[in-house]
Amino acid sequence: MEWVQHLMSNKIFWASACGWLTAQVLKTIIYAISNKGKINWSRLVGDGGMPSGHSATVSALAVECAMTQGLASPAFAIAFFLAIIVMHDAMGVRLETGKQSKALNDLMSIVYNKDLSSNERLKEFVGHTPIQVAAGSLLGIAIALLFYFI
């Protein structure tokens, strides 16, 4: 049971988890506000949208590693480059995949002259705009600093 105590006291783990959870809750709220109060519970665990949960998670991870382990630590180096890769991927390949999915869904609706069912539609919320990534990153940084100073 010592591992439970170690996990419970791991600020890096909890800052990262809190970064993800906060971003997902905010994403759900923002989606509801921008869609006339319609709540989509899948936004709590879904990809895409504002703010980026991926960016919040990896930014909190990198900053908490920097604060607790130091800038010269291997943990910070790994977390930093992981954050860069994840955020770049979210704005690049995954954003383009979402655009292509939307175009294919629209095309399939025209070809088959019907609205596609949820099982037939490709997932469109997979990537992030640079603003969504930046917002997620700032959120993650703020949460990591909060965890460090508390």
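A: **A pair of packed helices**

The crossing of helix 3 and helix 4 is left-handed in this model, which is a predicted one. Two packed helices are described by the angle between their axes and by the distance between those axes. Here helix 3, which covers residues 53-69, and helix 4, which covers residues 74-91, pack at an angle of about 160°, and their axes lie 8 Å apart. Because angles over 145 degrees count as roughly antiparallel, helix 3 and helix 4 are therefore roughly antiparallel to each other.

The contact between them can be followed residue by residue. On the side of helix 3 it is made by His 54, Ser 55, Val 58, Ser 59, Leu 61, Ala 62, Cys 65, Ala 66 and Gln 69, while helix 4 contributes Ala 75, Phe 76, Ala 79, Phe 80, Leu 82, Ala 83, Val 86 and Met 87. Sorted by class, this contact of helix 3 with helix 4 has 13 nonpolar and 4 polar residues, with no charged residues.

A second pair can be set beside it. Helix 2 (residues 11-34) and helix 6 (residues 130-149) pack at an angle of about 140°, with their axes 9 Å apart, and that angle makes helix 2 oblique to helix 6. The crossing of helix 2 and helix 6 is right-handed, and among the residues that make the contact are Trp 14 and Cys 18 of helix 2 and Ile 143 and Phe 147 of helix 6. By class, the contact of helix 2 with helix 6 has 10 nonpolar, 2 polar and 1 charged residues.

Terms used. Residues numbered from 1 in each chain as written. Predicted model: local features only at pLDDT ≥ 70, side-chain atom pairs only at ≥ 80, totals over all residues. Heavy atoms only, no water. Axes fitted to C-alpha atoms, helices over the stretch in contact; angles between N-to-C directions. Helix = DSSP H or I, 4+ residues; strand = E, 2+ residues; numbered from the N terminus. Parallel < 35°, antiparallel > 145°, perpendicular 65-115°, else oblique. Left-handed = near helix turned anticlockwise from the far one by under 90°. Contact = heavy atoms within 4.5 Å. Nonpolar A, V, L, I, M, F, W, Y, C, P; charged D, E, K, R; others polar.
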